[in-house]
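Dear colleague,

Please find below the structure that I am passing on to you. My notes on it follow directly after.

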Amino acid sequence: MAHRFGRLGPLDLRVAEGETLAVLGPSGAGKTTLLRLLLGLLAPDQGTVRFRGEDVRAVDPAALRRRIGYVVQGGGLFPHLTAEGNVTLVARFLKWPQERIARRLDELLHLARLPEAALQQYPAQLSGGQAQRVGLLRALMLDPEVLLLDEPLGALDPVTRFDLQADLRTAFEQLRKTVVLVTHDLGEAAFFAHRIALLHEGRIAQEGTFEELARAPADPYVARFIHAQRAPLERLR
Amino acid sequence: MILALLAVVQIGSKAFTESVIVAEMAAQLARSAGIEAVHRRELGGSRILWDALLRGEIDAYPEYTGTIAQELLPGQGDLRDRVAGKGVVMSRSLGFSDSYAIGMQRAAAERLGIRTLEDLARHPRLRLGFSNEFMDRKDGWPALRAAYRLPQRDVRGLEHDLALRALAGGAIDATDLYTTDAEIAAYDLVVLEDVRRFFPDYEAVLLWRKDLPAGAAAALRRLEGRVSAREMIEMNARVKFRHDPEAVVAADFLAGALGVRGAAQIEGRARRIAARTVEHLELVAISLAAALIVAVPLGIAASRKPRAGQVLLGAVGLVQTIPSLALLVFMIPLLGIGARPAIAALFLYSLLPIVRNTAAGLSGIPPEIRDSAEALGLPRLARLRLIELPLASPAILAGVQTAAVIDVGTATLGALIGAGGYGQPILTGIRLADLGLILEGAVPAALLALVAQALFELLGRAVVPRGLRL
């Protein structure tokens with residue numbers, strides 16, 4: 001598929017059920033455009049997006065999106081709702097019974113290690129890490145089949161980032177969901193993902209495990225991208 | 001309230017003292033005959049009153065034969081028949097004539113040797129100030145200038161009572177007078193002789209619709225031939241210089257001349273202010289509510305389709321540039337006089353702030369918030385209701401608040417077209433140079449604007465979600 005204004009593609013990318021795929025690349029490589037295409041927020045100029053084999057254009061977009069959890073960069077929380085209001089918004093819209101909402105919320109709190117008191121806070125009162133965790137809860141509320149994350153750790157300080165990283169991976173492992181995670185950070189991609197797709201100027205430069213990319217870069221750009229992110233740490237040794 | 005008004009006889013008056021007094025007499029006479037009557041005072045000039053009479057918005061009003069013959073129904077034939085052709089009955093003369101005349105301060109006229117209108121032609125540098133209606137009436141300034149070949153260039157239009165005060169103060173040298181004006185004696189003015197008999201006769205009469213109940217018509221006819229010019233001048237003087245209410249002056253006359261008593265409806269200040277407050281609130285509340293219902297959807301549409309939105313904002317912005325007075329007057333042919341045209345004009349004025357703030361509030365929502373809302377799988381309307389409108393609510397509310405404050409102020413102009421409200425005492429007060437009356441309208445209007453402001457602050461706490469106020 002391809003998208004002209006998002007400067008993406010043409011490219012062909014498949015995500016297997018239950019795997020965690022990291023889409024890696026510098027800013028401007030088309031990572032966010034890719035996620036927006038998967039969600040149907042954008043329509044491809046060419047080609048098709050298929051979800052479990054079905055062309056997404058044939059599916060009601062709102063219903064499709066409820067089967068996909070999306071964590072926006074920075075959390076994207078609605079400032080006029082409390083954390084709980086954010087998390088339960090769609091469930092309430094779908095008229096879930098109260099006890100079902102409470103039960104689900106309980107499971108999620110445990111999973112995302114969010115203090116219960118934070119639920120009554122408004123986004124402006126939450127720390128960056130908490131806001132990101134609430135964003136994750138909101139994406140997981142309806143128990144979606146697929147989880148998309150856009151730079152989930154992007155704007156966090158190193159300590160918060162480290163804590164959340166570990167919690168996120170635990171969550172992915174427990175949930176066994178199909179995850180597509182967008183990041184510009186090689187370490188993050190390697191930490192989370194079974195498989196990495198390195199995006200360069202809208203195309204997939206290489207696809208494979210971290211070891212494959214590091215051992216046998218497909219082209220000079222892949223080699224440089226990996227070297228640039230590993231070298232600073234190696235210099236310290 | 002509008003339905004209740006239909007059941008009673010409505011007597012209109014023009015926006016000058018004599019007309020108000022005579023209409024008040026007519027209303028009191030009708031009441032004395034057991035007919036419910038209201039006096040809708042100071043509705044405007046001759047044309048507005050005449051049209052309102054033909055449309056049935058009022059049932060009767062005082063007029064002058066010269067005005068009917070020259071301005072309202074120019075043509076040949078008997079005046080009474082011409083009027084009857086329009087479904088209107090004209091009374092016999094009330095007993096006095098109130099002609100147009102041109103007057104100057106006595107000292108100035110004597111110094112320049114001006115005695116007649118012909119003499120005016122020899123003094124081209126005189127500053128003339130005429131009442132606005134006289135400036136463009138067929139029997140007014142343009143025809144007078146042609147008849148006497150008057151050369152003056154410095155000619156301006158003023159409100160009649162202000163023109164008289166300007167003349168007394170020396171700001172202008174000559175103005176149009178009504179021959180029953182109390183100021184002629186009080187300010188020691190001379191009336192320039194109309195040697196070419198330019199001005200026709202202006203006998204005071206009452207006009208009423210043919211469908212007026214016979215009892216009411218009979219009551220009005222009791223005034224025929226009963227008011228002398230001297231009595232009229234005295235009554236004008238009492239109102240203008242002693243600031244006696246017109247209703248009291250009219251009642252005193254009726255008691256003396258016709259033995260009619262107790263038909264005056266004189267409101268105390270508190271009741272007057274209360275009545276004006278109700279009228280004012282009605283104007284503001286209805287127009288604002290209607291604007292809210294229309295403008296918020298328009299604002300939503302404008303934010304969805306930016307290009308069409310620009311056109312829309314341009315259009316409602318254009319309405320805002322029409323001077324409020326002009327907009328009110330444009331409404332008269334469409335909606336007549338009274339509260340309806342005023343509400344329509346205020347409604348149009350309220351659109352811009354609400355449409356613009358709604359559109360701006362919605363467009364200002366950050367893209368990541370929009371994306372999250374859409375990605376969550378909420379349908380369009382649910383996104384609008386649950387996310388976008390709450391987020392835009394502070395901006396929308398600010399727009400409504402602006403509209404409300406503008407409305408409270410602009411609604412005072414509604415009195416010019418018979419809508420009542422706080423503008424009524426201001427209008428009368430300006431005419432009578434009565435500061436107390438002006439303040440009776442201006443102070444409550446200012447207070448109401450402050451109350452509206454405070455009310456919307458409170459409303460903000462109820463409507464704007466708490467999370468947005470952190």
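I begin with the strand pairing in chain A. Please note that this is a predicted model. Strand β1 of chain A (residues 20-24) runs parallel to β6(A), and five bridges join the two. Within this pair, A22(A) is found opposite L181(A) of β6(A). Strand β5 of chain A (residues 146-150) is also paired with β6(A), again in the parallel sense and over five bridges. Here V146(A) has T178(A) as its bridge partner in β6(A).

Strand β6 itself, which spans residues 178-183 of chain A, is mostly covered, with six of its six residues buried. In a regular strand, side chains alternate between the two faces of the sheet. For β6(A), both faces are covered: one side carries T178(A), V180(A) and V182(A), the other carries V179(A), L181(A) and T183(A), and all of these are buried.

V9(B) has A37(B) as its bridge partner in β2(B). Together with helix α2 of chain B (residues 17-32), β1(B) and β2(B) form a right-handed β-α-β unit.

I turn next to the interface between the chains. On the chain B side, 20 residues are in contact with 23 residues of chain A. Two helices of chain B, α19 (367-375) and α20 (380-410), are the elements that give two or more residues to this side. Of the elements, α19(B) gives the most, namely six residues. By residue class, the side of chain B that touches chain A comprises 13 nonpolar, three polar and four charged residues.

Finally, a word on confidence. Chain A has a mean pLDDT of 86, and 96% of its residues reach 70 or more. Among the elements of chain A, the highest mean pLDDT, 94, belongs to helix α3 (residues 83-93), and the lowest, 80, to helix α9 (residues 220-236). Where pLDDT is low, the predicted coordinates should not be read in detail.

With kind regards

Key
Residues numbered from 1 in each chain as written. Chains lettered and ligands numbered in written order. Buried ≥ 20, exposed ≤ 12 C-beta atoms within 10 Å, placed from the backbone. Helix = DSSP H or I, 4+ residues; strand = E, 2+ residues; numbered from the N terminus. Pairing = 2+ DSSP bridges. Contact = placed C-beta atoms within 7 Å. Nonpolar A, V, L, I, M, F, W, Y, C, P; charged D, E, K, R; others polar. pLDDT = per-residue confidence, 0-100. Right-handed = clockwise from strand over helix to strand, strands pointing away.
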